[in-house]
Amino acid sequence: MSAILRFFVLLIVITGAVQTASAPALAVPTLPPNSAFSKLSFEPGALHVGESRNLHVRLKHAANQLTILTLDITYPSGLTQKVVHSTLGSEATLAWTVPPKAGTGRAIYRLATSGCGCGDHNSPQADAAVNVAEGSFTVE
C-alpha cells in the first residue's frame, strides 16, 4: 500500500512540474542591443479565436521619422495574417483579430520595420539596427 501511495504522490508532483513548465500564453522575445525596437508588449492573457489583441511597440529612433511596421502572423492551422501600420512617432500600437480558422496552439509572429522608401536618405548604413523581431503566442 505504501508503494502505491508513493507512486501516486510522485505522479502528481511530476504532472504539476510539467504543467508549470508549459509555454506561456504570450512570449515576447528578448531584444538584441542593436534592435530597432526598445520595447514590445502584448496585453496579458490568453488569445482566443475571434478576439482582438494589440501589440505595443516602442522604437529607438527619434520622433518625426516615418516608420512602416509590418506584423506577419502564422497561426497553428497554417493560416497567415498581415497587419501594416505606419507611424511618425517612436511608439505605435498594432491591432488585429484572431481569425476563425486560426486553430489552437502556438502562433509565430514576425515584426519588421522599414522607412518610407521615398528618396536617397533611406540608404542602408553599416551600423544599421536590426529591423526584425520574432516571437510566439498561444491561441486557445
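Six aromatic pairs are present in this structure, which is a predicted model. One of them joins tryptophan 96 to phenylalanine 137 in a tilted arrangement, with the ring centres 6.1 Å apart and an angle of 40 degrees between the planes. This pair connects distant parts of the chain: tryptophan 96 belongs to strand S6 (residues 91-97) and phenylalanine 137 to strand S8 (residues 132-139), the two being 41 residues apart. Both tryptophan 96 and phenylalanine 137 are buried. They also belong to one aromatic cluster, formed by Phe42, Tyr75, Trp96, Tyr109 and Phe137.

Beyond its neighbours within four places in sequence, serine 90 makes contact with Val57, Arg58, Leu59, His61 and Ala63. With leucine 59, the C-alpha to C-alpha distance is 4.9 Å, although 31 residues separate serine 90 and leucine 59 in sequence.

The chain as a whole provides the setting for these details. It comprises one helix and eight strands, in the sequence order α-β-β-β-β-β-β-β-β. Among contacts with a separation of 6 or more, 61% are between residues 24 or more positions apart. Of the 140 residues, 26% count as buried. The accessible surface of the protein chain is about 8700 Å², and carbon and sulfur atoms account for 60% of that surface.

Definitions and conventions:
Residues numbered from 1 in each chain as written. Predicted model: local features only at pLDDT ≥ 70, side-chain atom pairs only at ≥ 80, totals over all residues. Heavy atoms only, no water. Phe/Tyr/Trp six-rings, centres within 6.5 Å; stacked < 30°, edge-to-face > 60°. Helix = DSSP H or I, 4+ residues; strand = E, 2+ residues; numbered from the N terminus. Buried < 20%, exposed > 50% of the residue type's maximum accessible area, 1.4 Å probe, protein only. Contact = heavy atoms within 4.5 Å. Areas by Shrake-Rupley, 256 points an atom, 1.4 Å probe, with all protein chains shown as cover.
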